[in-house]
Structures are given as C-alpha cells and as structure tokens.
Amino acid sequence: MSDHTTHHEEHHKETFISKYVFSMDHKMIAKQYLITGIIMAVIGMVLSILFRIQLGWPDESFPFLEKLLGKWAQGGRIDPAFYMSMVTIHGTIMVFFVLTAGLSGTFSNLLIPLQVGARDMASPFINMLSYWFFFLSSVIMTWSLLIESGPASGGWTIYPPLSAIPKAMPGSGLGMTLWLISMAIFVASALMGGINYISTVLNMRTKGMSMTKMPLTIWAFLLTAILGVLSFPVLFAGVILLIFDRGFGTSFYLSDIFIGGEALPNHGGSPVLFQHLFWFLGHPEVYIIIMPALGISSEIIATNARKPIFGYRAMIISLIGIAFLSFIVWGHHMFITGMNPFLGSVFMFTTLIIAVPSAVKTFNYLATLWRGNIQFTPAMLFAIGLVSLFITGGLTGIFLGNASLDINLHDTYFVVAHFHIVMGSAAMFGMFAGVYHWYPRLFGKMMDDRLGYFHFWLTFIAVYCVFFPMHFMGLDGVPRRYYSFTSFDFMKEWLAVNRFISIAAILGSLAQFIFLYNFFRSIFKGKKAPQNPWNSNTLEWTAPVEHMHGNWPGEIPWVYRWPYDYSKPGHDEDFIPQNVPLSQTMSSNLPGDYGTHHGSKASH
Amino acid sequence: MTTNTSEIDEIKSTPWNGGRSPFNVEYGKMMMWFFLLSDAFTFSGLLIAYGALRFSSISWPNPDEVFQSAPGIHGGAPLVFVGIMTFILIMSSVTMVLAVEAGHRKAKSEVSKWMIWTIIGGLAFLGCQAWEWNHLHHEGAWWGSNPFLNEDGSVASTNFTNLFFTITGFHGFHVFSGVVLNVIIWINVLGGTYERRGHYDMIEKVGLYWHFVDLVWVFVFTFFYLV
C-alpha cells in the first residue's frame, strides 16, 4: 500500500489541459463521460421529438421544421428518408452513447475506485484513452447527421441488406460508413473501459473489501464490464464482415438480391447470419444498459430506506444469473426469421428463465422498502420509479419471450413500448437516480431538491403517458418504424392516440430542461455538499469532498463490515460506515458479524 | 461479545479479502488476459460465421486442391507450404518463451537475442502469407472472385475466397501488430527501460499476446487447410 501512496503523490502541478482535458483522474473522467452523455441524450431527445411531431401531426406542415432541417423538411414536412434516419440515430445514440457509455462510463469510473477503496483505476492512461475514443465516436456519429446524403437509416440494428448495399437507400452510403467507423471506435472504447473496470475490481480492493463486502453497485458494474468485454467483440466481427460486403464485393450477408429489377452478383450469403452476430451482442447489450441502473438503485434504495438491502447474496446471485443467461437468449429477437420451431422453443425457455432472477431482484427491492424509514430524496424517487418501470416493462417481456405470441407482436408498437419502458426509461431513471445521489460526490455541491421533485413527477407521468398506450397500438397490429399511419384505414383510428403520445413526449422532454438547469446551475451555485449528505455507509463518502489525486489523504480506509448496516439495533446512529471497526460498535455486534473472521471459533 | 477487541477487527489475509491481487498478477497482465478473452470472441465470431456459411453451401472447394503449391513447387504438394508457415510461427512462440525466461533472470542481452528471433519469425510468417496471397491472386482468387470449383465440380460461391482472405487477413493483421509491439518492446529492452524498472514483465505481456496469435493460427489453419 505504501508504494501506492508515494506513486500517486508524485503528481505535481497540473496544467489546464492535464486537469480538465486529458485527465487521467477517474473522477474527472467520470464527469467527462457524464457531460458527453448528457449532450448526446439531448441530441437523441430532440430527434425523438422531431419524429413524434411527424407521427402526431402527419398531414400538417410546420414551417419551423424547414428552418431547422432545411432540405430534410421541405415545406415544413419531414422527409420520409430522413424520418428513417432520425429513428436510427435516436436508437443508436440512446442505446450506445447515453445508456452504455453515459451510464456505466460515468458511474463505473466514479464509483469503482471510490467504493472498493482504490487510488484510481488499474490503468489511468487506458481509462483516459477509453474516454477519448468514446468522445471521437460521439463526434463522428453526430457528424453523420450533417452530411449531404443523410445519416444511416436502416434502423439501429443495421440489418443487411439495407446496411450492406451502399445504394440501397440514401442513408446506406456515407451515412452507414460513418456509423460503422463510429461504432468500431466505440467498441474499442468499451473494451478499454471494461478491462479496466474488471481489473480494478478484482485487483485493487482495499484490505477487508472481500467480494461479499462489496456494494451491489460494484457487483453490477463488474458483471456489466464482463458482458461488454465478451459481447462487443462479436459485434465487431459482424461489422468486419459487413464492411467487406459494403466495399470489397463479398457476399457474407447477401444472396439473390434484386435492385430495380436487376440482379446483384452476390451469392451464397445469409442476412440471418448478421442477425445472429448482432444479437449475440444485442441481447447482452440490454443488460449492459440495465444492470448498472439496477446496481445504482439497490444502493440508493437501501440507503434511503435506512434498511439493509434484503437478500444481499440473492441479489448477487441473480445479477450473475442474469449476466449468464443474457448470452443464451439472443434468438428471441429472431423468432420470425424462419428458425426451426424447436430452436425457437429453446430460446423461449432460456428467455423465460430470466424472469426468475429479475423477479428475485424486484421482490428484494420491495422487501427492502417494506417498513423502511424511507427518505424521499429525488434520487430515491427515481430509484423507486425504476422499480415500477422494471415491473411494468418486465411483464410485457414475458409476453414477447413466447415465440407464438412474439410472431404476432414482432415489430409492432408493443415491442417499442416494452423496451422503452424496461430498458430505455428504467435505465434512464437509474441514471437520474445516480446523478441526484452522487452529485455531491461528483461536484462537491448539492442539487436543488424541489426542482428534483418537479423533474421526477413530470418525467414519471410523461413516461407512462408516452409508452403505455403503445401497448394497445401494438396489440392492434400497428407496426413500428412507419413514417405515417394515415394510409391504412385500420391505423387511422390511432391518430388521436399518437397525438396524445406526441404531446406527452414534448411535455416530458421539456421537463428535462428542469434537470439540465438544476444540473448546471448547481455546479456553480449549489449549496456546498457536506461530507456524507445521505448518511451512507459506502467508502466514497469517507473521501474528502474536494477532489484530490489518490482519493484519500494518507492511508486508504480498511473495511470491516458489509455496506448495509443501516438501522442496526443497539447502535445510536442508523448507519455504520464500512470502515468502522467492529470493536467500536460492541453494543450492536451480532454473532454473525464475526462470521468470516471467527466463524470457526464461534461454532466450537 | 467477550472476544478480545483487536481480534475482532483482524482482517484475514486470504487472497479474496482485498489488499492484494487474488491471482497474484499485477493489473497489466490481467488486462492483457481480458483483452485476449475478448479477442478470442472476435475470432470465434468470424470462425462461426465461416462454419455457418460453409455448411449452408451444398459443396465447398477441396483445400488440398487449392493450397497445393509452394515457391518452386507448382501443384501437387498440399500442406507443404502452410506446414512451413505453421512451423515458423510455432518456433517464434518458442523463442518468445525463451525471451520471457531470460527476462525472469534479468539477462538483458539474452532477452534481446530471443526477441530478435521472435521478430524474425513473425516477419517470416508474414512474408510467407504475402507469398501465398500473391500466388492465389495470380490464380484469380480475391475478395469477390473465386476461380476454384467445388469438390463436386459445381461452381463455388465466392464466399470461399471471401472468408479465406478476410480471416487470414485479420489474423495476419494481428501478427503484424504483434511484430510492431515486439519491436517496441525490443527497443525498450535495448534502452534499458526494464532494467531500470527492475523487472521484465512487459515481455510476459507481449508474450501472452504472441502465444494467443499463435493459438488462433492453429484454428485458422485447421478450418481452412485441413477440413
């Protein structure tokens, strides 16, 4: 430990560049991830509002759209090709740039070293590279919105042939190329981040921080990183083959294609092969998104219910179970590709098993809240909101996991409703919860609670108003990714609902400006944060409020207990931080507390 | 409750109890292992795609007829040239092992000697691959064009050559990156970087990468040349 200390105290004067730009400090990198993620989220949100305007008012023209989008909205009506592009880029940005990099990039970076008791990440340099690769890929993805032929438009899943043949549609040309370049860089960033997180958690824990004394946030980040390290490379392999199909005349994903009545020479490939490679990433990816949010909410719910988390080990086992199962369910995205019905039933079986660990987590949240002394901070509200959304969206997941039902519901608004609730909104709520909870740790200031409450209630109501009606549209067979529903009689009756959804979406996104105002204002004008504003047990609250290299002056605190000693009977305060030795809490110690140290003695 | 207080607070020094690395490796080597795991998934993705495409075809070219030449031998000698390539790559892994071993003894000149042999082995492998690619290209094979017939005499899908050039190319790119890394490390050895640092762990880390690339070649070799 001592050579660690000296190693980090070598740092001398910092320039602006080394402190704020090419910083190797995990706390600064966390802020960089968060702010980049917020900017990308705003871009993704604006895109969604634009296409919601189209869906809500398909026959009206809005002159401001032409001012904003130029040739993509001539006469104030959005161009159908650009509509497809917006849907594609909205999905890509939200899935990868906001909820993957923005969420786990921010909180893994901030919390892993602080909560396991490390001076910094295993390799601060690779950590810095990881951020800058992410930044570069964000810039390229945003840039692709501005090019003449428009950004990629084949959907965020970039299925061939639309993605493999550059002349298939406007966005399949340069837009798709930029998409692929951006994602290749993104994969490199995710890999560098992931191996860093794993090595830090395994190798750099402070003395006493055994795997079963780690906060659930760390477990979630560790398993998320493992998922990323194992699944992104398969997407990378798929993308390599796609690049050859696009530029080198190969036929990995192409066979028997006709464009304008003319046959392409490609022969022998299979577009379904790409779907397999894509969803081998794609399904773990949704857990990469939701697991950090689940970890964050475990921590926040236990802290603010002032109760130990219910079923700590069950929570860990269910996280491991979800992580493992996520690799063997990808076929449930492909029930309608003509797969063998027996294989379909295998994927259905593994998919439905995921309901078990998910339900364990849900019930453990509820049991933790049960008769707790709940502190309704904005972070707590968002964490409870996450549980609500996780249940609502999880239940529709059971519908969609059934092959026979999915064949009817596939590519309808039912699917849109399902994943926007369970993965999109729930993970976003986890991210908001994390920002409200750890803002004092990130910026040393407090956010405004009142604005936080407004933000929560408006967002929560808007999310349900936007996504809940979509279930009914989907059950009626309304397909997703359609530019307008006015050409089909049976869909026309949904216009009023679409308009309602669009209004709710616009109001919900306006509510996000409350958050942005609160976030940026508090950096400068927020109240100064106390040492431990939420009376929390985890190690990050023992580090000084002012950020410093190496996180703790002097020795890193040792850990003597698990992180959930809240309201322990016999103790004066309702929390006992992890670094308080058992000898100082004799009045509240239980025989089990010595378990790992003196378990054998006690049983004699 | 009557236990001695200092005894209560004692933290057992088991590998997983924090304060030390549970696997007794430093973080850099662990990161290399995780990177290799991830890279193994990339190659698995490519090779599984190869299997899927190959077995969705009714027939496939016979490798013994496609790869039957070597410099100076025009046909009729399957597996000879690729055998030499494989031998070279495996020998370069042996010299890498010797470099790592010399690193443990902190024998700078020996490390340098074995690193040079490893670099030469890597370059020789790349040279062989370049010859083979060039040879196949002259026979009309390239991405998108396949002159070889299926075993049953029917016209083959271009995916035979597409996959061959893509996957051996991707592997060759790994070998090339490995050679570049080895050269950088070798320069550091000569400059005395690791002598000053007191250990030659970096040799072990690039060694892991080099053995991995070698291992991947065994699979690529099996799938393209043997079966």
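Axes here are lines fitted to C-alpha atoms, for helices over the stretch in contact, and angles run from 0 to 180 degrees between N-to-C directions. Helices (H or I, at least four residues) and strands (E, at least two) are DSSP runs, numbered from the N terminus. The model is predicted: local features need pLDDT of at least 70, side-chain atom pairs count only at pLDDT 80 or more, and totals for chains, interfaces and linings use all residues. Residues are numbered from 1 along each chain as its sequence is written, and chains are lettered from A and ligands numbered from 1 in the order in which they are written.

**Exercise 1.** Describe how α9(A) and α10(A) are placed relative to each other.

Solution. 
- Step one, the geometry: the axes of α9(A) and helix α10 (residues 312–325) of chain A come within 11 Å and cross at roughly 175 degrees.
- Step two, the class: α9(A) is therefore roughly antiparallel to α10(A). Angles under 35 degrees count as roughly parallel, over 145 as roughly antiparallel, 65 to 115 as roughly perpendicular and the rest as oblique.
- Step three, the residues: α9(A) contributes A:Tyr287, A:Met291 and A:Ser298, and α10(A) contributes A:Met315, A:Leu319, A:Ile322 and A:Ala323. Two residues are in contact if their C-beta atoms, placed from the backbone, lie within 7 Å.
- Ala, Val, Leu, Ile, Met, Phe, Trp, Tyr, Cys and Pro count as nonpolar, Asp, Glu, Lys and Arg as charged, and the others, Gly among them, as polar.

**Exercise 2.** Work out the packing of α5(A) against α8(A).

Solution. 
- Step one: helix α5 (residues 80–116) of chain A and α8(A) pack at an angle of about 125 degrees, with their axes 10 Å apart.
- Step two: α5(A) is therefore oblique to α8(A).
- Step three: the crossing of α5(A) and α8(A) is left-handed. A crossing is left-handed if the near helix is turned anticlockwise from the far one by less than a right angle, and right-handed if clockwise.
- Step four: on α5(A), A:Ser104, A:Ser108, A:Leu111, A:Ile112, A:Gln115 and A:Val116 meet A:Thr217, A:Ile218, A:Phe221, A:Thr224 and A:Ala225 of α8(A). The residues of this contact of α5(A) with α8(A) are 6 nonpolar, 5 polar and no charged.

**Exercise 3.** Describe the contact between chain A and chain B, then one helix pair within it.

Solution. 
- Step one: 49 residues of chain A are in contact with 39 residues of chain B.
- Step two: on the side of chain A that touches chain B, the elements giving two or more residues are α7, α8 (216–247), α9 (271–305) and α19 (595–603) of chain A. α8(A) gives the most, with 10 residues.
- Step three: that side of chain A divides into 27 nonpolar, 20 polar and 2 charged residues.
- Step four: the axes of helix α7 (residues 174–203) of chain A and helix α2 (residues 27–56) of chain B come within 9 Å and cross at roughly 135 degrees. The two helices, α7(A) and α2(B), are therefore oblique to each other, and their crossing is right-handed.
- Step five: the residues in this contact include A:Leu191, A:Ile195 and A:Leu202 in α7(A), and B:Met30, B:Phe34 and B:Phe35 in α2(B). By class, the contact of α7(A) with α2(B) has 9 nonpolar, 4 polar and no charged residues.

**Exercise 4.** Is A:Val559 buried or exposed, and what does A:Val559 touch?

Solution. 
- Step one: A:Val559 is in the loop between α18 (495–525) and α19 of chain A.
- Step two: A:Val559 is buried, because 28 other C-beta atoms lie within 10 Å. A residue is buried if 20 or more other C-beta atoms lie within 10 Å of its own, exposed if 12 or fewer, and partly exposed in between; C-beta atoms are placed from the backbone.
- Step three: leaving out residues up to four places away in sequence, A:Val559 touches residues including A:Gly117, A:Lys213 and B:Gly18.

**Exercise 5.** Which backbone features stand out at A:Pro161 and A:Arg371?

Solution. 
- Step one: most residues other than glycine have a negative phi, and most peptide bonds are trans.
- Step two: the peptide bond from A:Pro160 to A:Pro161 is cis, with omega near 5 degrees. A:Pro161 is in the loop between α6 (124–143) and α7 of chain A.
- Step three: A:Arg371 is not a glycine, yet has a positive phi of about 55 degrees. A:Arg371 is in the loop between α12 and α13 of chain A and counts as exposed, with 9 C-beta neighbours inside 10 Å.
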